[in-house]
Amino acid sequence: MLRVLEECERVSADFAPDPVHDLRVSLRRCRSLADGLMALDPDPNFKAMKKSGKRLFQRLGDLRDVQVMMEWVEKLYPTEASVGRAKVAQARVERAIPSAGSGQVLPPSPQALQNNQSIPDSADPAAQALLKILAAREREQKLEAHAALEEFDRKQWRLWSKSLPARAARLRPGSPLFKHLALERWTAARVLHNRALRNRSQVTLHSLRIGLKRFRYIVENFLPTEQKAWSYDLKGMQDLLGEVHDLDVLWATAISCHVFPDEDSRRRWRQRILAERTKRIDRYRAKMIGPASLWQVWRAGLPQGKQIQALATRRMKLWASSLDPDFPHSERVAALALQLYDGLVASGWQPSVDGISPRSSLLAAALLHDVGKSKGEKGHHKASFDLIRAHGNPLGWKPADLQRAAIVARFHRGALPSRKHKALRDLLPDEQKGTIQLAAILRLANALDAAHDGHIRRIQIERDQIRARGNGALMIAAEGYSPLGSSAQTIAAERHLLETILRRPVVIKPMPNSPIPRKPHVGTASSAARRA
């Protein structure tokens, strides 16, 4: 972040290509750091920092695109490039660029004056015409970039440079959580790779470049060991795709500007650009296709099998611990909810939605049900619903599971769920019923720890009672429960929904021969971050 401030001073001199590139790299690195950290830490300042440099980054990007096109003309047509440089120097003599931060007009540099000579005739009129257009665009974009630099809040940026590193220090570089995030980006990039190689269109290749770049930044920012082993190849593949994109933009610009005097000129340019483009795509394919491709090398160093879902759950816990003021309570509720769910299934009860997904949704809902308290205590169940839905799903969790979890968390307290409720009415009937069943389990589990003190440590459904039919009560033994305890009244009220869906009474009683309740150790939200 401090490097960004340094590069702002350098670029303000004349917005030359190298300083523009260096400032964009610094901004991109900060924005990519924020992007990775936001996946694990919901602190809004990361998002605010990322957003604050967006306009400057974009305006510099427009300028950089023009400068890169001029550099490509220099590579493809060196003679015409010298013509273009002379015209740029002449234009700068005629119209200098204001100095950022000073309001003064910069005089032309000695090099510009030296280049301001007579302009030789061009062997390629299309290249000369394009360079003239690009030189005019560069002047316009420099003014735009200058205005964006003036608007950039450097004071706020400097404040963030002091506070955000301390926040980021809670997350250990090289952590398995970052490897899981890298696998998420690898998976997305690999899908884009398969799509791009099917048609090699400009759009799909550009999307692949962005996907590969996002994977590369996670590796370079957060996985130091993998960065040493993979950085060279990652940058090389991204650069190849970047050059393909540059050539596509150059051709599109030449076409839109109507710089070709005849069809023969157009054909020669097209053949030249296609040859350079094909050369780079072939080099990319040679490295990225086959059983020994770089894709396989990178995949082998990332989480495998059951690790993926376990790390996804850890990521959800870390995210929740930053929002939930009493996350140990949510962990206890999750444990009790799963004990109740597993006991019901063992008794012969079946949820309306089959498979492992209902249990996963219940676990997620229990762990995340109080994240809405970060917005305030009142109506926090509704805020939890919104936050979970907006959070997205980490790799290893199905989107449908977390969307269901959001609805279950919404009904962990407050009004009883109804199929007419807007969160439920768009679901299929079986899905509606299954979601209400999970909400009933979560409501009771949450009530069992209503005091937030963990005095009820575990529960067990009595097997001789769970097989009862008709009006037989469901007997649940709870270790640490007292019918005269502070939570007994809450438990009695919140068991109602479970009784409704089971169509039988639910009775909570102390577990036989359970030890005297003791006050458990209660961790803090920061401890969950340290474990990460």
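Visitor: At what angle do helix α9 and helix α10 pack, and how far apart are their axes?

Guide: Two packed helices are described by the angle between their axes and by the distance between those axes. In this predicted model, helix α9 (residues 176-199) packs against helix α10 (residues 202-222) at an angle of about 160°, and their axes lie 8 Å apart. Angles over 145 degrees count as roughly antiparallel, and α9 and α10 are therefore roughly antiparallel to each other. Their crossing is left-handed.

Visitor: Which residues of α9 and α10 meet?

Guide: On the α9 side the contact includes F178, L181, W186 and L192, and on the α10 side it includes L205, L208, F215 and F222. Sorted by class, the contact of α9 with α10 has 13 nonpolar, five polar and three charged residues.

Visitor: How are α2 and α4 arranged, roughly antiparallel or oblique?

Guide: Helix α2 (residues 17-38) and helix α4 (residues 54-76) pack at an angle of about 140°, with 9 Å between their axes, and α2 and α4 are therefore oblique to each other. The crossing of α2 and α4 is left-handed. Among the residues that make the contact are V20, L23 and L27 of α2, together with F57, L60 and L63 of α4. By class, the residues of this contact divide into eight nonpolar, three polar and six charged.

Visitor: Is the crossing of α18 and α19 left-handed or right-handed?

Guide: α18 passes α19 in a right-handed crossing. Helix α18 (residues 399-410) and helix α19 (residues 429-448) pack at an angle of about 50°, with their axes 8 Å apart, and α18 and α19 are therefore oblique to each other. The contact is made by R404, I407, V408 and A409 of α18, which meet E431, T435, L438, A439 and L442 of α19. Sorted by class, the contact of α18 with α19 has six nonpolar, one polar and two charged residues.

Visitor: Turning to the strands, in what order do the three strands of the open sheet stand?

Guide: Strands of a sheet pair through backbone hydrogen bonds, in either a parallel or an antiparallel way. Here the three strands form an open sheet in the order β1-β2-β3, and the pairing is mixed. β1 (458-461) and β3 (506-510) stand at the edges with a single partner strand each, so one side of each is left without a neighbour in the sheet. From one strand to the next, the twist averages 30°.

Visitor: In what sense do β2 and β3 pair, and which helix packs on the sheet?

Guide: Strand β2 (residues 474-479) pairs with β3 in the parallel sense over five bridges, and A477 stands opposite K509 in β3. The helix that packs on the sheet is α15 (residues 327-346), which touches β1 and β2 and whose direction makes about 10° with that of β1.

Visitor: Which elements have the lowest and the highest mean pLDDT?

Guide: Where pLDDT is low, the predicted coordinates should not be read in detail. The protein chain averages a pLDDT of 86, and 86% of the residues score at least 70. Among the elements of the chain, helix α6 (residues 110-115) has the lowest mean pLDDT, 42, whereas helix α13 (residues 294-300) has the highest, 97. Over residues 99-122 the pLDDT is below 50, and this stretch has 40 contacts in the model beyond near neighbours in sequence.

Visitor: How many contacts beyond four places in sequence does the model have for residues 519-531?

Guide: For residues 519-531, over which pLDDT stays under 50, the model has 15 contacts beyond four places in sequence.

Technical notes
Residues numbered from 1 in each chain as written. Predicted model: local features only at pLDDT ≥ 70, side-chain atom pairs only at ≥ 80, totals over all residues. Heavy atoms only, no water. pLDDT = per-residue confidence, 0-100. Helix = DSSP H or I, 4+ residues; strand = E, 2+ residues; numbered from the N terminus. Contact = heavy atoms within 4.5 Å. Pairing = 2+ DSSP bridges. Axes fitted to C-alpha atoms, helices over the stretch in contact; angles between N-to-C directions. Parallel < 35°, antiparallel > 145°, perpendicular 65-115°, else oblique. Left-handed = near helix turned anticlockwise from the far one by under 90°. Nonpolar A, V, L, I, M, F, W, Y, C, P; charged D, E, K, R; others polar.
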